[in-house]
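My notes follow in the order I checked things.

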Amino acid sequence: SPGSRGAGMEAAVAPGRDAPAPAASQPSGCGKHNSPERKVYMDYNATTPLEPEVIQAMTEAMWEAWGNPSSLYPAGKKAKDIINAARESLAKMVGGKPQDIIFTSGGTESNNLVIHSVVKHFHANQTSKGHAGGHHSPVEGAKPHFITSSVEHDSIRLPLEHLAEEQVAAVTFVPVSKVSGQAEVEDILAAVRPTTRLVTIMLANNETGVVMPVPEISQRIKALNQERVATGLPPILTHTDAAQALGKQRVDVEDLGVDFLTIVGHKFYGPRIGALYVRGLGEFTPLYPMLFGGGQERNFRPGTENTPMIAGLGKAAELVTQNCEAYEAHMRDIRDYLEERLEAEFGQKRIHLNSQFPGTQRLPNTCNFSVRGPRLQGHKVLAQCQVLLASVGAACHSDHGDQPSPVLLNYGIPFDVARNALRLSVGRSTTRAEVDLVVQDLKQAVAQLENQA
């Protein structure tokens, strides 16, 4: 739910490390309900604050580029220029071409746009089968088939479940390996059918930080597509939701080999809009609009462009391109220090690190862990914390109470351990001193819950 995503943000100090903190990011209201101690925000996978330079870019656009980007007078031309520059910045961040970037309202829209496009493309090919010699129709009245993983974000899982319920599409949810934590390439290939049209696998999981083998999946699908085309079957398209990976590790569409990639601004210190990368948009890769209107974004996503938000997204992308390695190194250092401190304070037997799978890469900023104990459910521990602002899992599921995260259960984490899980995700400005505060806070919260017996 959108309401839960930014909870507590205003109480957290989270400016960019090198920029002066704007007044808005000073702690406010910390002491109203809790002790007047400062808060430490560790829920950067749910949302990030805006970098000061991003706020500046958005403010300037509001003042100077308020015109309609389709108009020819100065304020309109300025808006058009800002939008074009932002498109270039986003393309550079993901290693693609500016003409392959479409602006959207966010990750949910981008993901839905891909899924619905594939359904429409399937039917467009079905109806044109008279011209195609029947090649595109393996079975009369067939439905497009989608392959995804069992740990995707709701904006992938729910539209696919909905299409399956409505009998518009068939969907295979491939379970993740309990050993590697990943959706395995062989399992995905084993699920392919003649009617398969899209494989969509997230680049990194939002709860565990596990990075999926997207380059290998794309490579194998490409090889398979050559065989399919030779037998008259249409190629399978590949999509990755890169929401959690951007700004935390290098993301390059050439390395990934995907046809579609979802970009979400508020995960990399940008505003709450997003974009969709489409390889060879409209030329090699089909995209069908869900909205119809004034022809903006080359008709793929019409509606008068949200210039200030786009300006902010472009600036956030620029900062990622310039500083990604430094961001990644800093976050990894802080996250590793956090895990060391947790093990040192609680003991290795009591702490279960839910996101460590031997040999599997994970995001540099994500620590999912449980403190073992019958009374230490994640939401109870968080409720006792005075300093820490974090979540038990995806912000969208924050009202599930005692129920463990379905994602962790899919990863093979035992029920009692999963129920105690906390997800701490650190950011660009998180310090070791803040980690020390948080670990002490968790110790006090755990002791309090255990003393209530």
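**Entry 1**

I started with β9 and β10, which run antiparallel and are joined by 3 bridges. Strands pair here if DSSP finds at least two bridges between them. Helices (H or I, at least four residues) and strands (E, at least two) are DSSP runs, numbered from the N terminus. Ile351 stands opposite Val371 in β10.

I note that this is a predicted model: local features need pLDDT of at least 70, side-chain atom pairs count only at pLDDT 80 or more, and totals for chains, interfaces and linings use all residues. Residues are numbered from 1 along each chain as its sequence is written, and side-chain values use heavy atoms, with hydrogens and water left out.

I then traced the sheet: 3 strands, open, in the order β9-β10-β12, with antiparallel pairing. β9 and β12 (421-425) stand at the edges with a single partner strand each, so one side of each has no neighbour in the sheet. Neighbouring strands are turned by 30° against each other on average, direction ignored. Helix α9 packs on this sheet and touches β9, β10 and β12. Its direction makes about 10° with that of β10. Contact means heavy atoms within 4.5 Å. Axes are lines fitted to C-alpha atoms, for helices over the stretch in contact, and angles run from 0 to 180 degrees between N-to-C directions.

**Entry 1: Asn354**

I looked up Asn354 in the loop between β9 (351-353) and β10 (366-371). Is Asn354 buried or exposed? Asn354 counts as buried because its relative accessibility is 1%. The cut-offs are under 20% relative accessible area for buried and over 50% for exposed, with partly exposed in between (1.4 Å probe, protein chains only). The side chains of Asn354 and His352 are joined by a polar contact of 2.7 Å. That term means a pair of N or O atoms within 3.5 Å; within protein, one must be able to donate a hydrogen and the other to accept it, and residues adjacent in sequence count only if both atoms are side-chain atoms.

**Entry 2: the seven-strand sheet**

I found an open sheet of 7 strands in the order β2-β8-β7-β6-β5-β3-β4, with mixed pairing. β2 (101-104) and β4 (170-174) stand at the edges. Neighbouring strands are turned by 20° against each other on average, direction ignored. Helix α5 (residues 154-165) packs on the sheet, touching β3 (145-149), β4, β5 (196-200) and β6. Helix α7 (residues 214-230) also packs on the sheet, touching β5 and β6.

Next I checked β7. All 5 of its 5 residues (260-264) are buried, so β7 is largely enclosed by the rest of the structure. Phe260, Thr262 and Val264 lie on one side, Leu261 and Ile263 on the other. β6 (residues 237-241) pairs with β7 in the parallel sense over 3 bridges; His239 stands opposite Phe260. β7 and β8 (residues 274-278) pair in the antiparallel sense over 5 bridges, and Ile263 stands opposite Ala275.
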